[in-house]
Each structure stands twice: as structure tokens, then as C-alpha cells.
Amino acid sequence: MQSNILAVPFRKGTQLSLSLAIRQYISTKYDQHPDMFRQDLEVIDALRRDAVNVREPHPSGVARLQAYAGQLVWIGGKFPIDIGADFTWYPALGYNTERPIVHNNLKFELANILYNLAALYSQLAIASNRSSTEGLKTAASYFSQSAGVLTHLKNEVIPELRTTPPEDMDEHTLDSLIKLQLAQAQECFWQKAVMDGYKDASIAKLAAKVSDLYNEAGEAAMRSEAISSSWIHHMSAKHHHFAAAAQYRAACDCLEKRKYGEEVARLRDAVACVTEGLRESRGGYLHKTVVDDLNGLKRRVEEDLKRAERDNDVIYLNPVPPKPELKILDRATMAVPRIPPQVSAPLDYLGEKGEFGPPLFTKLVPYSVHIAVSIYEERRDRLVNQNIIGELDTLNERLHEVLSSLNLPGSLQAFEKPLGLPGTLVQHAEEIRQADALHRLQRSFADIDKLRAADLAVFEEGKNLLQAEEEEDAQLRRKYGTDRWLRPESRSEPNQGAKLWKQVADAEGWFANSESSDGVVRDKFHSIEPMLATLAGPDRGLLDFVPSSRRTEIPETLKPAIGRLRVAYNNVTRLEGRRRRKAEALREKARSDDIKSDILAEAARLERTQAVATAIVPAHFEEFFEKRLDSLYEPDLELVQAEATEQEKLVTELIRVNREFESQKKAMGDKGNREREQALQKLENAYYKYKELISNAEAGRKFYNDLSRIIGGFRDGARNFVAERRREARMLEDELNMPPLNNLSLGGQPGRAQQSVPPAGPSSNGWDATGYQGQQQQPQNTFLPSPTQSRQQVRSPLEAQIQSWAPAGETVAPQPQPPRANPMQGVWNPGVGIKFANTPPPASVASSSGGHPGNNAQQDTRQASGTWDRNSAIRFG
């Protein structure tokens, strides 16, 4: 049974019907009925059940984990990451292996499956027969694949998790596990080289690389919150072991090459390394096999050192170089991460005859296609409304500004209709009355105010939640200090906090700009409100407002100029009318532009031709969007330029003709139509301003409706973020409030805490203040107390739960090390009080000074009692 290497333990997952979440999502988000995918729903449940139940090191588990992981990657392109299934997994390493982690996250599920695949490869390597060269090659391959899967998990899956990874999947933990698997793979190559009788120089290069990899694994483990003390001691011991083995083999090579002085120097360094490795065995953290390997190597190296020193002192007399002058050993790297192609490119193994079977839910419209349709529709509407219709409206506004500056059509109507009301004015007044213009605009403004108030209330709710959480976090930071309250502030939290606070700033800008725009629109309304009231009133009111002209007939000298002005004005009004009809036709064209069937055909083409190497995403349709928009709306974009050119020509002609008209009118000295002309022009301007206000009100209503969806999403995100932050704060506060280790009883009495004792000076038993008792006084903020002696050689501030050793192929859940496993707890220090035994001994038990070997076992079986008997033993604590 191999116990000198470590296996990555499995993460345990609970059973879950993924098909229920998928069925519910299809029912609510798609036009297709879930029963169309009944077989696929059964298959995905079966795949998950088989994958979650892989907890034994058997090669059949590899295919089950890979198949489910491949289907997860595939359906990730058809469903959102938060599909509605609460995936529950228990950590494999760290303090909280009994506390489940729950996420509604497909990437979290994929990360756990890949983690277990790496654990399976690791355990298959340990289960291999390492007593033969073929078994060593197999084990090395498994370790390399385990490192490859962990590398893929770290680089490709964890960055897309959209949430903080669990402790045993953070960067430092994965780095440590990757280096550990590579170190064990390299160790297999080293062992094979020894079996095959390679030269000592080659074996030394292999051993030196093994030492390096174990050292890198240990350094990463020191920065991890999940790697246990026993594992860190193991990595450190193996690092020193193979450093000694490398120097020993290099010394053997020196002996062969008659470099006797260097041989002695390298053997001395090997003895120092192996001695350093044996120091890691203090506290009982190392397995017996590892300690035996170190002791065996030490005996062999010391024997060779005695022989080499004797021979060199008596026969060769070569100078022994100091260690800094020794050449650094070369490294031979054999172990590298190997990512299985089924993991790096899982879509290549999906198909009717593929290793993973046919891809599931192929007839379901991918979620990315739905997103792509929304993107296209948004882009199309922006192109139509802003780049085409918006530009046409801008041209119309410029046209009305020119007409207003020329007093048209008022000046023309004053001569053509010197008495009564012009026909166009009567039509406009009737339109205003039927539309109930004043009340319509007032209702629109009231609706806009309600929408704005509702949006603002939702926004303030989300903002207040963030501010309240920020204040709570600041209070806790002041309470515990910045050196203990280490989590980032919400404004700098990289996953959600910074994004939410940016949304706060953006939303405040939106509300400020919209308030300014609303004010401009209302000012425009108030400026024309009296004229609208006149237009909406009876004809008698219009007749009273518009004075009659003093002239009842048009002078003969003005008729030609009026005729030319009427033609030019009619040309302009026909241009405006044509634009309105084109804009309405363009809106209808955009409404009937249904892209769904065409984009489904494009998605099928991409999947069929494998034009993309990963799952389909909206970015794959960019070229398709551009071609479609160009083919459908490029002529309309060109129309805008043509309209602008034609308008410029007509306006130039209108200005010229109007100048002639005004000059002739001035030459006649006619001032009798001036008041009528101004009244008619005011009413005409009010009518066109009313049209603009209707358009402005519709735009405002649409803006606040669209904003409500954005603000609602922000408020929901703030709720979830604040709830998660408060949960984290409670956990962190509970951890900080845990009693320090010097208040916890090491004597097995949970209800009684030891008194804190200041570090004592050097004692009679040889332990000083920096020894075991000195370390016992340091408080540790952990969920579970771990033996404090584990840090004497590792030099790290982190404490981790001790994991018990397991036989080959068996995974044991991390458990606290029993105190009695530490032999130093039997050493008494004068600075520690005396704790009396709990119960009186049986009559057959002698005093502690003269007992028999069986007394200790009998004393352990005594029942508790609160009174000390003078005949009972004294326990030193």
C-alpha cells in the first residue's frame, strides 16, 4: 500500500434533478414545449447522477465525468449560467468540509466535475502498481493528466465563474495542487530511472526537479487557506528528501569521476538536507513511510560520507569545496501538465458516433441565439430611429425654423385670405380639437412623472441598500481594525460591487439628464399653451384672435410674386409630407423585419460546419448582422443624404422668392396685413410645436419604460449582493470572535478552558519560551483548532485543518488531529498549572511513581469525578 504520496480527495455533491430546472426554464423563456426534449432531459439527469456518484478510483469514472462535463459545456451555449438549479457541493479541503456550498451556476457545476476528474486521475495514479516500470509510467501519466485538468480548471473555468471561487478552488490552492501532481509525476520518472539503472548524473537531475516541484507546491500551499498542515509538512519533507537524493546521486557521480573532495561536500549537503527533512516529522504529521524513507536515505548517506571522508583524509587528500562553490545541479523536466483533449475540446467528442454521444437539446433554440436576436433588434431600431428617421426629423425641424423665420405661411395666407380663416388653419384647429391636445399633453406629462417617480424609487431602494451595507462594513472595519477585517470594500469588490456602484453613478447621470430634458419640453409646452388653447377653442375665438386685413383684394403687382412664393412653399410642404410617409413606411418595415428564422438557419450552419471552435455566442453573428442591415437599410441611409440635398435646393429657392415678395410688398408700403400675418404665423408655429411635443412625450415615456427594466435589474442585483455581503460579514465576524487557542482545553474537557500563561524562560526539560508553550499562546482565528506545533518548521501564518492519511485509492475526509498524537503534550512546563485527574483509581492501581505498564490503560478508562483523591495520579497539562 503506497502512503508516501498524496491523492486529491473528491468533492461530494448532492443529488439534484437538473431536468426540472431546464424544463422550467424552457417553459418560461422559450416558445418550444419542454415535452419535445423529454429524452434529452432524462439523459442529462442520468449523466449527472453517474458523474456525481464517481467516488472510487476506477477507470470507468473518467468517461462518466468527461461525458457530463462535455454536455455541460454544450448546454452552456443554449442556457444562461443561472439556469435556476441550486447545485450543492461540499469542499474537499479546508476547514469547512461539512459545510455545503450552493450556487445557481452552471460554471460552478462544471468546475466541481472537472475538480473531481482531476481527483480521479490522482487517485488512479496512487492505485497503480508502482513496483514495476510500466506501473510507474501509468502513474506518471495519470498525475500529469490530473495537473492538466486542474490547469484547465484554473485558466478557463474559474475566470468565468462570476463569483468568488471556494477556498479549495482559489488560485493558491489550485497552484499548489498542480505543482503537487507534477512533483509526484516527476517522482515516478525518478523512480523508474532508478529501477532501470540510469547513470547517477541523470538520476540526480531528475531528483533535483522533484525537489523543486515539491518546494513550489509547498510555497503555494502556505498562501492557501485550504491546504492542511499535514500536507504542507509532507511537501516540505519531500522537498528536502529529494534535495538530499539529488546531492547523493551527484556525489556518486563525483566518485566515479574521481572528484573526491566534491564527493565529500555533496554528501555533507545531503546529510544536512535529509536532517532538515526529518525535522518535519515532529508532531506526528508525516506518515511512517515518509519517515522511513528519510531515515533509510540518511543511514545510506552517512555511511558513504564516513567512507568518503576516511578515503579522502588518508588517501586522496583533495580539498573539500564549501557549499557555495559547488556547481548547481542541472534539472531534467519530465512531468508537464497534459490536458486531455476531451477536456480542452469537448465539443469535438459530441455527435451521433461521438465518444460523448449526441449533443443534447439540439432542436432547442440556443440561448445565445435569443441574445443575438435581441442585439440585432436593438441595433436595427437604433439604426432606423436614430440614423434614418431621426435625421429626417432633424431636417424637418430645420425646415420649420426657416419657414418661421420667413413668416411662412402666415405672410402668404394674409394676402390670399384677407378675411375669415385660411383652410389649412381650420384643418389644424380641427385636428387639435379632436386630439384634445392640451389634456393629451398634460396626461402624457403626468404619466412621465409617474414613471420617473417609480424608476427613481426603485433606484433609491437599490442605492440605499448599497449605502447601508457600506456603512455596516465601515462600522465592522472600525470595530475589528483594518489588519483583521481584510475583505475589500463594496466599491472595490471586483466581482459585483464595483459594477453596482458604477451603475449608481450612471443612473444618477441618466436621471439628471432626463430631468433637464423634461424641463426643456415643459418650457416649450408652456410657451405655446395659450395658442393651443385658442386652436382648441371654437371658430369664433379664432376669428377674434385673427384680425381681418384692410385690403380685401390682392394688388395686381403682387400676384406674380405671390404665385411664385406659393409654388415654392408647396414644394417644401410636399417634401415634408413625403418624408412623413417614408418614415412611417420605414417603421412598418422595421416591425416586420423578423430575423428569427434566418438566424436559426445561420446558427445551424455554424454548428453543422463547425465554423466555431466553442459554443455559439452572439459575437459569431456579427458578420451576419452587418450583411443583413446593409442589404435592408442601406438604401434608406442613402435616402437621408438625398433628402438633405433636395431640401437645401428647395429652401434656397424659397428664400429667393420670398425676398422678391418682401421687396415688392415693401415697395407698395402695405402695412395693413401685418397684424393678421403675425397672428396666423403664431397659430401655425403652435401647431408644429404641438407635433414636436407629442413626439417628445412618446420618447420620454419609452425612455422611462426602458429605464425601469435597467433599474429593476440593478435593484435585484443590489439585493443579492448585499445579502451575500451580509452573510459573509456574519461568517467573518463569527470567525474573528472565536476564542483563541490558549483558551481552549487540550485535556479533552470541552467545558473547561485553560488559563493563559505567559511564556516562561528556559526550563529544566530543555524547552524555551519560543518552543511549544510559546506557540500555544498565539491566538488563531480559525473555525477548528489545529495543533499549533505544525508551524515550527513551515514558517507560515496560516493554519489549516489536519487531514488524516489514507491508504492508496481511499479518500478520508479532513479531521482534526487528536491531541494525544502529539508526543510533546506529555512534557510538563513549570509555567503551566497542574491539572488533577478526574476520578479516583481502582484499588488495584498503584501510584504514578510505582505503577505497572498496564496502569496507563486502566487510568484512561476511569469515570469522571469532581473530587481529587490523594492516591490518584497527577496529570501535567
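**Figure 1. Phenylalanine 79 as a buried residue of the predicted model.** Phenylalanine 79 has 1% relative accessibility and therefore counts as buried, the limit being under 20%. The model shown here is predicted. Phenylalanine 79 lies in the loop between helix H3 (60–75) and strand E2 (87–90). Tyrosine 25, at 11% relative accessibility, also falls under the 20% limit and so counts as buried.

**Figure 2. The aromatic pair of tyrosine 25 and phenylalanine 79.** By the ring-pair criterion, the chain holds 17 aromatic pairs. In the pair of tyrosine 25 and phenylalanine 79, the ring centres are 6.2 Å apart and the planes meet at 80 degrees; because this angle is over 60 degrees, the pair is edge-to-face. The two residues are 54 residues apart and link distant parts of the chain, with tyrosine 25 located in helix H1 (residues 18–29). Ring pairs also join Tyr25, Phe37, Phe79 and Phe361 into a cluster.

**Figure 3. The largest nonpolar core and the surroundings of isoleucine 22.** The largest nonpolar core comprises 120 residues, and those with the most contacts inside it are Ile22, Phe79, Leu114, Leu153 and Phe361. Helix H4 (residues 106–127) gives the most to this core, contributing 15 residues. When neighbours within four places in sequence are left aside, isoleucine 22 is in contact with Leu41, Ile44, Phe79, Ile83 and Phe361. In soluble globular proteins, nonpolar side chains tend to be buried together. Across the chain of 877 residues, buried residues make up 47%.

Figure 4. Helix H15 (residues 437–480) consists of 44 residues and reaches 64 Å from its first C-alpha to its last, close to the 64 Å expected at 1.5 Å a residue. Glycine 481, which follows H15, has a positive phi near 90 degrees. Within H15, phenylalanine 459 pairs with phenylalanine 511 of helix H16 (residues 497–536), 52 residues apart, and the pair links distant parts of the chain. The ring centres of phenylalanine 459 and phenylalanine 511 are 5.6 Å apart with their planes at 40 degrees; this angle lies between 30 and 60 degrees, so the pair is tilted. Both phenylalanine 459 and phenylalanine 511 are buried.

**Figure 5. Arginine residues positioned over aromatic rings.** The charged end of arginine 11 sits over the ring of tyrosine 115, at 5.7 Å from its centre. Arginine 491 lies over the face of tryptophan 501, 3.6 Å from the ring centre.

Notes:
Residues are numbered from 1 along each chain as its sequence is written. This is a predicted model: local features need pLDDT of at least 70, side-chain atom pairs count only at pLDDT 80 or more; totals for chains, interfaces and linings use all residues. Side-chain values use heavy atoms; hydrogens and water are left out. Helices (H or I, at least four residues) and strands (E, at least two) are DSSP runs, numbered from the N terminus. The expected span of a helix is 1.5 Å times one less than its number of residues. A nonpolar core is a set of buried Ala, Val, Leu, Ile, Met, Phe, Trp, Tyr and Cys residues joined through side-chain atoms within 4.5 Å. Buried means under 20% relative accessible area, exposed over 50%, partly exposed in between (1.4 Å probe, protein chains only). Contact means heavy atoms within 4.5 Å. Rings of Phe, Tyr and Trp (its six-membered ring) pair if their centres lie within 6.5 Å; planes under 30 degrees apart count as stacked, over 60 as edge-to-face and the rest as tilted. A charge sits over a ring if NZ of Lys or CZ of Arg is within 6 Å of the ring centre and within 35 degrees of the ring normal.
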